[in-house]
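Let's take a friendly walk through this model, with the viewer open beside the text.

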Amino acid sequence: MTQAILFVCFILGGTALLSWPLGRYMAWAMDPAGGQGKPNGFTALFQAIGGSVTRQEQGWKRYVVSLLGFNLVLFVTCFAILALQQYLPLNPDAKTAIEGSLNFNTTASFVANTNLQHYSGEVVMSYFSQLAALMWLQFVSAAVGLAVLAALSRGLAGRALGNFFVDVQRATFLVLLPAAFIVAVLLLLTGLPMTFHGSVVATTLEGIQQTIARGPVAAFVSIKQLGTNGGGFFGPNSTHPLENPSFWSNVVQTISIIIIPMACVWMFGRIIGRMKHAAVLFTVMLILMGTRIAGAVGFESVPTQAFNDLPITQDVGNLEGKELRFGASAGPLWAVLTTSTSNGSVNAMHDSLNPLTGMMPMIGMWLNEDFGGVGVGMVNMFLYIIVGVFIAGMMIGRTPEYLGWRVEAKEVKFAMMGLLSHGFFILVGTAIFAATPWGAATLNNIGPHGFSEILYEFSSAAANNGSGFEGLGDNTVAWNIATGLVMLFARFIPIILPLAIIGSLSAKRRATESSGTLSVEDGTFAGMLTATVIIVGALTFFPAATLGPIAEHVTLMK
Amino acid sequence: METLISSLRITVATMAICVGAYSAAVWAVGRAVTPDTAEASIITRADGTVIGSRQLAQAFTQPRYFWPRPSAVDYNGAGAGGSNKSPTSTDLTDRAAQAVAAYGATVENPLPAELAAASGAGLDPHITERAALYQVARIAQARNIPAGQVEKLISDKAFAPGGVFTPERIVNVLDMNLALDNVQIR
């Protein structure tokens, strides 16, 4: 247990420290003209690349239209590459075309920064598809999230939102690209492959044949982790020894999951000019996430009960679905981090976690804001803040305000629509698939755990996460279409609504904060926000959790 | 229309830099700095035939070799995966019972857990030092060599993967089997 605590503190503490300078850099990169900063000179270059539209300031509607148009181009490009991969270069293992519904699901998944995978990369994807379609979207879809957060922050600071096309290039070229290169080099040094040679057929010492798939893994995995994407180069993701070969590659990848989402909070604070407020938000997020980490590490230190009646030594916790080289607590820690952010990569099989451990990632996806996806996590938190200050204002009979902006019925309606749509997609989807052969015929485990597999899949799609209880046989037309649609709606609704709120707020006159204003920089606000998150976010899903992991724990664990 | 044109221009720019230039740069660094692992640590005999990858587990069932952890995909290096079975599943118990039988484990000499638990990708190349020592008697008998020789090999090859964070030492199964057979590799 000492090692577990030491390891968790090392990862979280180290990343939190690194997020501070990174947040400062990101504020400079994403918002060069902001307040006191000087333009960084790249803006002109990005305007030249983007063309004439990029020179105008955009209102929230123009910003959203540009964002949707850009995503349409991303979708068409990726779909075309996957459909035509057999005619394209870099295909040493002669992969064939991807089936239509799987292509739709995969394209939706990577456009939506989800990376839910109903395929195994080493089985169906050519190297060209992996890099030019999937890895490319891992850069630009994450950049879209950062752009939205930058626009939202500017709006809250009382300034124009900026230009989407410039923002998305700033995020891609100034934030993600250099970070990805640095991490990719670290991954090479810790043992990841990066080759364009095809698979190798080996003959073992016992004379058995083994085909070894490989590829340009290091470049892919780096941005997969940094951009809260999570889609693995290989089917079993970062459990695969070529995707995550050593203890230290695991440390680099674990830190990469959470560092940009953490830095997003500091970037937000810098752009709105309220670092104390950002520190309060950071603390609330850290507490919510830390609670789940403690739960997961604790629950997972219990050995698997499947071996209880056999002569097996069990003193190191549940090892099914885990790799030895990462150490005992690396699996549950990663499971929580990857679902706290919308990353969705795995270094242990979540389906084989103890039932209550498996609930921790689900709770993370249900809340989806601490720290959440790149950019969009902080945007989700903004929805909770709007609801939180509204409730607080009502309780004490004052006009609810956030940073001097008067929050009224319209803004709260938008925020609640955003938050409730999350529960709607997860619970309605789970109900339909649990009641029909669409879901019931695809399960790998029986009873409550089978229900958990369906619940997890819809939670993952709606949270734009991408991890799964991977036993689920999810490459069917029904799963591909249903989760594809959920991913797209769940991506764009919580991006459009907050920008609409900003549009609505900035049409009002901003009040100056006085001693009568509710502070957003103290413990009362932190408590209020935490309560809002738990009541609105978690309790919505409590009945579903009771049917899945809790039922499994109570009825089947001895 | 202007929106689409700008989107296309940015698509071209990001493709060129984030896919083309970035992949090429990472590839070049790998080739220059870590040429072996960049090609997936392939092990080749002196005569040029490929034995496997140092990073991936392979099936070993003969008594004279160290055996790896169980694999849910039969050590398929081109289609990896885990069992994805819940701890409450009886399938796991059945598979573990097979492992217990294969090793001849008893209550007095219980099996280390990882020899009964499949890894996430089914390709975990390592077992713990304890699980390697568990197999010494069988290997020594099959090869007709002193147990001490096998034990020395294990203690030479064992390492703590994460220093202070991982007190339990592990060993690479293929690495030890190559040493047992004294295979000449390139």
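How much space lies in the largest pocket? The answer is about 700 Å³. A pocket here is an open set of points on a 1 Å grid over the protein atoms alone, where a 1.4 Å probe fits, with protein on both sides within 12 Å along at least five of seven lines. Its volume is the space filled by probe spheres set on the points.

This is a predicted model, in which local features need pLDDT of at least 70, side-chain atom pairs count only at pLDDT 80 or more, and totals for chains, interfaces and linings use all residues. Residues are numbered from 1 along each chain as its sequence is written, chains are lettered from A in the order in which they are written, and side-chain values use heavy atoms, without hydrogens and water.

The pocket lining (residues with an atom within 4 Å of a point) has 33 residues, and A:Val316, A:Gly317, A:Gly327, A:Ala328 and A:Ser329 lie nearest the centre. Helices H1 (2-30), H10 (275-300) and H11 (330-340) of chain A each give two or more residues to this lining; helices are DSSP runs (H or I) of at least four residues, and strands (E) of at least two.

| Class in the lining | Count |
|---|---|
| nonpolar | 16 residues |
| polar (Gly counts here) | 10 residues |

A:Thr203 has A:Gln209 as its bridge partner. The hairpin has 5 residues between the strands, and A:Gly207 in the turn has a positive phi of about 85°.

Terms used:
Pairing = 2+ DSSP bridges.
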